[in-house]
Each structure stands twice: as C-alpha cells, then as structure tokens.
Amino acid sequence: MKGVFYGIGVGPGDPELLTVKSINAIKNADVLIAPKTEKKDGSVALTIAKPYLKRNIEIVYQVFPMVRNFAETDAWENNKREILSFLNEGKNVAFLTLGDPMFYSTYIYIYRLLSNEDVKIVTIPGVPAFCAIGSQMGMPIVEGNDILSIVPATADINKIRKAVDASDNVVMMKVYKNFPEIAELLDEEGMSENAVMVSRCGLSDEKQINDIMKHKDEPVNYLSTILTRRTH
C-alpha cells in the first residue's frame, strides 16, 4: 500500500488557527516535508505546526528555488522523487504550507508534479493571512456589493493600478520589494488612510502599521499584507 500525500495549509502564524482536519493529517503523517527557500534557514510553516507533531515523525527540509519556470531546475524534480520514494514505502507524507495550499503557494507546483503520478493526494485548506488580519483588526474584508481584488504587489504596476481602480476593497499580498511604490499608489487612489499592514501575522514578532505613508520608506518583511478600502 502506498502512502497518502497531504498538502496542509497551516494558516498565517497562530497554531490555533489550524483546522481539525489539518491537525489530524499532521498526526497521521510519517514524514513531514518542510519547504524552505535557499536564502533562509528553518521553516515558518514547521514552527506553526510544531505543537501537533508526533514524537517520531521524520522531518525533511526541501529547498524550492524561487524561479519563474520550475521545470527548468532539477531541484523540483529531485524533491518530487524524494516524496515519491516515501510514498512508495507506504509512508504518509505531509507537505506544510503557509496560509492556504492553493493560494500563492509553493504547494501548487509540487501538486501539479505529483498529480501525474499514481498517488493519492489530499489537499486541506488553511486560513489565508488576510482573513486572519481582517478578523484580528475588526476590519471587514468585503461586504454588500463591494468588489474585492487580491493583488500581488510583485505584479506589474500598471496591472496593479487597473485592479485597484476597479475595486472597492483591496488585499495587497507580497508587499516587500516595492512598498514605497505601493503606498504611493494607494494614496493616489484615496485608499491609504484606510489601509492597515500586518507583517508576520500571528507570529511572536508580528508588526502592525496603521499609517502606511508615514512608514513607507521602512524595510518590510516578506510576510506582509495590506488590507484597505475606499471611503464611501
């Protein structure tokens, strides 16, 4: 019998935001895949899931290079082969990912690679950072007939502007490379005063910024999200 591959969303930071299904899958896993980038040690997703790990679980760190075309690097294929070797041994494998597995996640690409193989895949949703931020700040993300856009701040600035123009509410993800430019754009759109930015939501070093224009020239953590809305 082959093992089952679980893709598990662990939410943004607070271990108590994991679903019961996620916790049960983690407890049922024999091998836990902790994805990481080449530049950073450790795994935030693993830290979040730590309270639920069984004592004898095997933890495997896999490096997933941040490239435009993952098919062009051997690392992704090597990671797939390693996962398949565990599954073929009959071991259940849990792949942890921040937030939700199908939302701007590394998991999407490994899922596509494994979906062509003869393996059972179970994907378990998680709480995205912007949902946690909205609840924590008492800030409705969208209501009534408002239009919401979820925008990666790493996108082309003209595409971002078009999305913001068409929206009543905006969630801005991946705000770390061009925070000053994003802050200026939201200010031009009349959306900076209602904006709140939270970095590392639910983690011990969480940071909240309510005046983005005042802080726009400060360095920003990779795990930063802006929620904002137009003034009606």
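So, helix H1: its buried residues pack against S1, H2, S4 and S5. Before I go on, please keep in mind that this is a predicted model. Which residues of H1 are the buried ones? They are Ser22, Ile23, Ala25 and Ile26. These four cover an arc of only 165° around the axis, and that is why they sit on the same side of H1. As a reminder, an α-helix has 3.6 residues a turn, so residues three or four places apart point the same way. If you turn to the other side of H1, you find Val20 and Lys21, and both are exposed.

The largest nonpolar core has 22 residues. Those that touch the most other members are Tyr6, Ile8, Val10, Leu18, Ile26 and Leu96. As for where the members come from, at least two residues each are supplied by strand S1 (4–9), helix H1 (20–28), strand S2 (31–36), helix H2 (44–49), strand S4 (93–97) and strand S5 (120–124). And which element gives this core its largest share? That is H2, with four residues. In general terms, nonpolar side chains in soluble globular proteins tend to be buried together.

Let me pick out two residues here. Leu18 touches Val10, Ile23, Ile26, Ile48 and Tyr52, if we leave out residues up to four places away in sequence. The other one is Ala49, which lies in helix H2. Is Ala49 buried or exposed? Its relative accessibility is 0%, so Ala49 counts as buried. Setting aside neighbours within four places in sequence, the contacts of Ala49 are Val10, Ile26 and Leu96. Ala49 also lets us look across the chain: Asp14 is 35 residues away from Ala49 in sequence, yet the two C-alpha atoms are 9.2 Å apart in space.

Next, a pair of helices. When two helices pack, they are described by the angle between their axes and the distance between the axes. Here, helix H3 (residues 74–88) packs with H4 at an angle of about 65°, and the axes are 10 Å apart. The crossing of H3 past H4 is right-handed. On the H3 side, the contact is made by Trp76, Glu77, Lys80, Ile83 and Leu84. H4 contributes Tyr109, Ile110, Leu113 and Leu114.

The loop between S4 and helix H4 (107–114) holds Tyr104, and the phi of Tyr104 is near 50°, a positive value in a residue other than glycine. For context, most residues other than glycine have a negative phi. Tyr104 has a relative accessible area of 38%, so it is partly exposed. There is another case of positive phi at Arg200, with a value near 55°. Arg200 is placed in the loop between strand S8 (196–199) and strand S9 (207–209).

Thr228 is in strand S10 (residues 224–229), and at 4% relative accessibility Thr228 counts as buried. What does the side chain of Thr228 reach? It reaches the backbone oxygen of Met191, at 2.4 Å.

Ser149 has 16% relative accessibility, and the cut-off for buried is under 20%, so Ser149 counts as buried. The side chains of Ser149 and Ser167 are joined by a polar contact of 2.5 Å. With residues up to four places away left out, Ser149 touches Ala163, Ser167, Asn169, Val170 and Val171.

One last stop, in the segment after S10, where we find Thr231. Thr231 has 62% relative accessibility, so it counts as exposed. How far is Thr231 from Asp168 in sequence, and how far in space? They are 63 residues apart in sequence and 8.6 Å apart in space, C-alpha to C-alpha.

Thanks, everyone, and I'm happy to go back to any of these views.

Technical notes. Residues numbered from 1 in each chain as written. Predicted model: local features only at pLDDT ≥ 70, side-chain atom pairs only at ≥ 80, totals over all residues. Heavy atoms only, no water. Core = buried A, V, L, I, M, F, W, Y, C linked by side-chain atoms within 4.5 Å. Buried < 20%, exposed > 50% of the residue type's maximum accessible area, 1.4 Å probe, protein only. Contact = heavy atoms within 4.5 Å. Arc of directions from axis to C-beta. Polar contact = N/O pair within 3.5 Å; in protein donor to acceptor, adjacent residues only side chain to side chain. Axes fitted to C-alpha atoms, helices over the stretch in contact; angles between N-to-C directions. Left-handed = near helix turned anticlockwise from the far one by under 90°.
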